[in-house]
Amino acid sequence: MTNVLVLGGTGMLRGLVLRLLEEPNEVFVLARRPEGLRALSEEAQAAAERLTPMALDYHDLDRLGHWVAHVQLMHGPIDQVVAWVAGDRNQVLSVVDTEIYRYRHSPWDLFDIHGSRAAMEPRPVPQLHDNCRYHRVILGFRVEAEGSRWLSHQEIVDGVWRAMAHPEKETIVGQVLPVDLRPPSD
Ligand SMILES: NC(=O)c1ccc[n+]([C@@H]2O[C@H](COP(=O)([O-])OP(=O)(O)OC[C@H]3O[C@@H](n4cnc5c(N)ncnc54)[C@H](OP(=O)(O)O)[C@@H]3O)[C@@H](O)[C@H]2O)c1
């Protein structure tokens, strides 16, 4: 059984959570609103017994740390984290990393998901313990005959799934070039 934590798992990553639950994974999902988490549990049906939803603001760092410690006490160390974090991601990732380090010193994987702007910015890797294998996943766009567009949720889920199956330092889902074909906003 693999223990997977998904930060921000009720929006575009909902399909990823459901797909993770099709495999023998224990999945922990964070979002602020209970209704999104409830809907996810209902959709997971029988697999919901391997789903631990938590309504919590990940910027509340004390509560976040306590919860990450708690799930590891109950289920063992976390193996993989998928992080779709808005705002100051480094503080959030640092708390998660610190709590995981308390329970394991062997390698684990962090998939840090970014919007397409990340491709135009330097690549600052957050300060993490040595046993954290950091993978940056950048969500780009698609260019089609009718013009360019942002990725669909299904494309995002498929891309993150592939990034988890074949972990690289950086994975680009869709494309980030040419910059002038980037759709108006993401
Ligand atoms: N390149 C691309 O194509 C691209 C890139 C990025 C985004 N997008 C699109 O933009 C849409 C909107 O993006 P979005 O950022 O709103 O993403 P989203 O994935 O639709 O929603 C954000 C997720 O994070 C949770 N969340 C947000 N703030 C949180 C907090 N402080 N603490 C805990 N959980 C938190 C949300 O649940 P709660 O609200 O309940 O907390 C939800 O589960 C996406 O659905 C996607 O279609 C496209």
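Predicted model: local features only at pLDDT ≥ 70, side-chain atom pairs only at ≥ 80, totals over all residues.
Colleague: Why is Glu99 called buried?

Modeller: Buried means under 20% relative accessible area, exposed over 50%, and partly exposed in between, with a 1.4 Å probe and protein chains only. Glu99 has 11% relative accessibility, and therefore counts as buried. Its place is in helix α4 (residues 89-103); helices (H or I, at least four residues) and strands (E, at least two) are DSSP runs, numbered from the N terminus.

Colleague: Which residues are in contact with Glu99, leaving aside its neighbours within four places in sequence?

Modeller: They are Gly65, Val68, Ala69 and Gln72, where contact means heavy atoms within 4.5 Å.

Colleague: Why does Gln127 count as exposed?

Modeller: Gln127 has 74% relative accessibility, and exposed means over 50%, so Gln127 belongs to that class. Gln127 is found in the loop between β5 and β6. Its C-alpha atom and that of Asp97 are separated by 9.2 Å, although the two are 30 residues apart along the chain.

Colleague: What makes β3 and β9 edge strands?

Modeller: Two strands pair if DSSP finds at least two bridges between them. The open sheet has seven strands in the order β3-β2-β1-β4-β5-β6-β9, with parallel pairing. The strands β3 (51-55) and β9 (170-173) each pair on one side only, and are thus the edges.

Colleague: How do you know that β6 and β9 pair?

Modeller: Strand β6 (residues 132-139) and β9 share four bridges in the parallel sense, and the definition asks for at least two.

Colleague: What makes β7 and β8 a hairpin?

Modeller: Strand β7 (residues 141-144) and strand β8 (residues 147-150) pair in the antiparallel sense over four bridges, with two residues between them. Within this pairing, Phe141 stands opposite Trp150 in β8.

Colleague: Why is the pair of Phe141 and Trp150 called edge-to-face?

Modeller: Rings of Phe, Tyr and Trp (its six-membered ring) pair if their centres lie within 6.5 Å; planes under 30 degrees apart count as stacked, over 60 as edge-to-face and the rest as tilted. For Phe141 and Trp150 the values are 6.2 Å centre to centre and 85 degrees between the planes, so the pair is edge-to-face. A search of the whole structure finds one aromatic pair.

Colleague: Are these two residues buried, exposed or partly exposed?

Modeller: Phe141 is buried, with a relative accessible area of 0%. Trp150, at 22%, is partly exposed, because its value falls between the limits of 20% and 50%.

Colleague: How do you know that Arg19 lies over the face of Trp161?

Modeller: A charge sits over a ring if NZ of Lys or CZ of Arg is within 6 Å of the ring centre and within 35 degrees of the ring normal. Arg19 is at 5.1 Å from the ring centre of Trp161 and lies over its face.

Colleague: Which residues of α1 are buried?

Modeller: The buried residues of helix α1 (residues 14-22) are Leu16, Val17, Leu18, Leu20 and Leu21. Their cover includes β1, β2, α2, β3, β4 and α5.

Key
Residues numbered from 1 in each chain as written. Heavy atoms only, no water. Axes fitted to C-alpha atoms, helices over the stretch in contact; angles between N-to-C directions.
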